[in-house]
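This report describes selected elements of secondary structure and the way they pack. The model is a predicted one.

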Amino acid sequence: MPKNKANCKTFKEMEQKSKTHSKKSRFPPSEIYLSVLGNGSKSSSRALYMFTDHARYLFNCGEGTQRLAQEHKMKLSKLDDIFITHKSWENFGGLLGLSLTTQGMGVSEVTIHGPPDLELLYKQAESFVGLKDMKIVTKGYNDPFCDDCMEVKKIPIFKIVNSSDTTEYSSNSESLSSSESDDDRSTKHKSKRLRRSSHKSAPDLAIAYVCKGHSRPGQLLLHKCAEFNVPVGPLLGELKSGKDVVLPSGKIVLSKDVVSPEQICPLFLVVECPSEEFIDPFVNEKQFEEYQAGSSDLSKIASLVVHFTPPEVLQSCRYQEWMQRFPTSTCHLILNGDCATVNSLAIHRIQHQLNLLHPGIFSLLHENEYVTNDIPVAIQNTFQAHTLERYYLRPANGLDKSCALNFQPKDFIEEALNTEGFEILLKDLHSKIQENAKLSMNGDIYPEVIFLGTGSSIPSKLRNVSAILVKTSENGCMIMDCGEGTWGQLLRLCGRQAEDLLLQISVIFISHMHADHHLGLIMLLKQRKNVYKKLQKECKQILLIGPRNLKRWLKEYSQNFESLSSLYRFVECSSLQHDELFNSHEKNSFSECSDLLISTVPVIHCPDSHGIIVSSKDSNWKLVYSGDTAPCNRLVSAGKNCSLLIHEATMEDDLAEEAAIKRHCTTGQAIDIAREMNAQYTILTHFSQRYAKVPLFNENFHSLIGCAFDNMKVRPNELYILPLLIPALNSLFAEIVEELHTKGNKRRIKSELIKSMLTESLSSEIVQAKA
């Protein structure tokens with residue numbers, strides 16, 4: 001029976017309303033701690049998760065935050081407020097994807113606190129981030145925050161507009177909101193006030209958050225009450241509320257004698273000094289003084305300072321001097337690019353296990369290559385953050401390193417080798433690879449295909465969203481789709497070579513405007529620009545081929561957030577449509593990649609969706625990538641006799657109806673397309689996250705069909721190996737395969753039962769009609 005959508009929505013709203021009410025309490029939470037979700041390393045997001053009994057909070061939300069939250073079981077469904085320290089993609093690049101995910105969980109409202117214009121991020125993304133069932137509320141630095149759990153003070157730090165302006169800029173609320181009467185001060189801040197009054201020139205600012213949980217009242221000690229002979233009744237309530245009482249005997253009982261002390265929650269700061277232009281206003285900000293060593297109120301001295309400040313600023317003398325203004329008892333927790341890069345065990349577990357099958361195709365990940373230990377030695381109690389480390393505020397136990405990830409590769413390998421029958425199949429696999437290598441006549445190494453994301457819709461701990469890097473020659477690369485977290489995936493897989501690959505990338509193709517196919521593009525463009533800057537070279541424009549709305553999205557982002565327009569040259573997919581004269585069209589050849597011919601094919605998915613065909617002028621190869629599509633005859637015709645077809649296979653064959661509704665393909669349909677196209681080899685990708693480890697292999701899979709995994713690298717002379725992996729994969733992931741078969745059987749039984757009931761009902765109606 002189909003679900004009643006109206007009733008489902010009503011029940012979901014009631015459930016969410018119930019959850020919201022349950023979060024609110026008369027009393028402050030009994031447990032409060034901060035947990036490092038993403039430690040800001042070069043390959044990870046920057047995100048600090050705050051847990052309380054009643055609600056959850058997030059400080060910054062970089063790319064990949066929702067993926068880490070899923071793996072580490074940090075509930076996003078209870079997320080109420082997100083605090084952004086600075087208006088940069090590194091801090092909010094994960095917001096759009098996370099919002100789509102939390103909406104699916106039934107969250108009806110999320111408040112985002114941060115610099116101006118964050119609401120524009122959602123407005124500009126409306127065409128591909130549809131938040132019909134969730135309200136996004138944005139709050140600026142002048143909007144106070146206080147709920148049942150804590151109170152947050154916001155301190156804005158304004159960037160110095162130019163190098164000649166060394167004016168100390170006070171950000172206290174009075175100077176921000178009132179008109180200046182002093183002519184000199186008016187002159188000093190004239191340019192800044194003008195910038196604030198213009199929407200297009202909103203000031204670049206960072207926000208420091210001063211957070212303090214509400215004190216928790218002391219508990220009534222019943223054994224003490226008994227000692228004082230306090231009778232059961234209203235006197236107990238008065239004592240608990242802090243009032244002294246007189247017993248019937250005339251004896252006075254003081255509240256402090258029978259109630260435990262009030263639990264005061266330590267205060268903590270979350271800060272970021274984004275660049276050198278912020279250092280002067282940051283270190284001169286007088287509002288910090290009441291939380292530092294010279295404070296007249298000891299209860300306000302910070303117990304913890306969380307630093308999202310980048311390494312080059314953190315290591316500067318002025319910033320370290322600012323850190324030293326806090327007492328030695330203050331803990332400094334650093335989340336930036338110098339931190340250890342291991343943020344996920346799941347991706348390492350599967351990569352170590354797949355590495356047993358073929359160490360070349362599944363090479364080990366390059367974590368920790370960038371780790372440094374440049375902690376300011378002069379500052380005591382300073383730590384680089386590790387993922388899942390906690391800082392307890394209530395109870396006030398401070399930093400707890402026991403929860404940090406424990407990376408033990410030997411355990412991953414032992415787990416695989418202990419799987420029943422796996423070792424025998426592994427030996428058989430290696431033997432078959434050697435036998436087939438002798439028969440294989442293909443010595444080509446290009447195009448080398450590197451899968452950076454092979455999952456659909458939302459990232460899972462094992463499969464990131466769509467992204468493929470293709471090495472077209474020794475010095476040439478292109479990207480096909482660029483989902484959220486693509487740069488992190490590339491850095492983990494290729495290590496220090498990742499920056500070299502960025503310089504080699506000349507083309508990026510985006511197949512359509514769904515968020516899971518392009519939200520990693522901005523970070524990739526920024527990182528490529530940084531590499532050129534490090535080399536002191538002018539950044540070469542990249543050729544960006546995509547749907548029309550992608551151009552609009554990037555243009556509006558550049559106008560309101562960070563300038564990107566000079567980093568790419570945009571070409572619409574629709575202008576490169578394939579035809580029979582493909583090889584002779586000048587429009588299909590580009591100076592950025594002069595050795596390639598590129599054309600696109602409209603496919604059956606959302607509006608302006610395209611597949612891509614790439615051919616080499618110098619070598620005899622042709623690569624076809626489907627993007628997202630239902631079975632498409634135009635793609636079959638254009639891709640005839642290709643060397644390699646990379647085709648989406650979102651669902652198993654039993655879910656053909658669901659695949660048709662969502663305009664996707666099943667594995668069987670994708671294999672049929674490969675046969676009709678006469679593709680030499682085919683690799684299936686874009687699997688539904690229900691097949692996070694492995695898809696269901698069936699009789700349709702043959703010796704020319706392979707299955708993509710994240711962090712898989714394969715060359716043309718290795719394609720024959722992919723079909724040989726299937727028996728070992730079925731053994732390695734036997735439990736998952738069995739579970740998928742069980743679910744499929746239950747689904748078929750249910751479907752047959754429904755059909756039978758409908759048939760009986762129809763027959764009964766016919767009999768009644770004849771009667």
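## Packing of α18 against α19

Helices α18 and α19 pack with their axes 8 Å apart, at an angle of about 125 degrees. The two helices are therefore oblique to each other, since angles over 145 degrees count as roughly antiparallel and those from 65 to 115 as roughly perpendicular. From α18, the contact is made by Trp487, Leu490, Leu491 and Cys494, and from α19 by Gln497, Ala498, Glu499, Leu501 and Leu502. By class, seven nonpolar residues, one polar and one charged take part in the contact of α18 with α19.

## The buried side of α19

Helix α19 spans residues 497-504, and Ala498, Leu501, Leu502 and Gln504 are buried in it. These residues lie on the same side of α19, because they cover an arc of only 160 degrees around the axis.

## The seven-stranded sheet

Seven strands form an open sheet with mixed pairing, in the order β23-β22-β21-β20-β19-β18-β30. At its edges stand β23 (568-572) and β30 (712-714); each has a single partner strand, so one side of each is left without a neighbour in the sheet. From one strand to the next, the twist averages 20 degrees.

Helix α19 lies across β19, β20 and β21, and runs at about 75 degrees to β21.

## Helix α4

Elsewhere in the chain, helix α4 (residues 95-104) is mostly covered, with eight of its 10 residues buried. The buried residues are Leu95, Leu96, Gly97, Leu98, Ser99, Thr101, Thr102 and Gln103. Just after α4 comes Gly106, which takes a positive phi of about 100 degrees.

Notes. Residues numbered from 1 in each chain as written. Predicted model: local features only at pLDDT ≥ 70, side-chain atom pairs only at ≥ 80, totals over all residues. Heavy atoms only, no water. Buried < 20%, exposed > 50% of the residue type's maximum accessible area, 1.4 Å probe, protein only. Helix = DSSP H or I, 4+ residues; strand = E, 2+ residues; numbered from the N terminus. Arc of directions from axis to C-beta. Axes fitted to C-alpha atoms, helices over the stretch in contact; angles between N-to-C directions. Parallel < 35°, antiparallel > 145°, perpendicular 65-115°, else oblique. Contact = heavy atoms within 4.5 Å. Nonpolar A, V, L, I, M, F, W, Y, C, P; charged D, E, K, R; others polar. Pairing = 2+ DSSP bridges.
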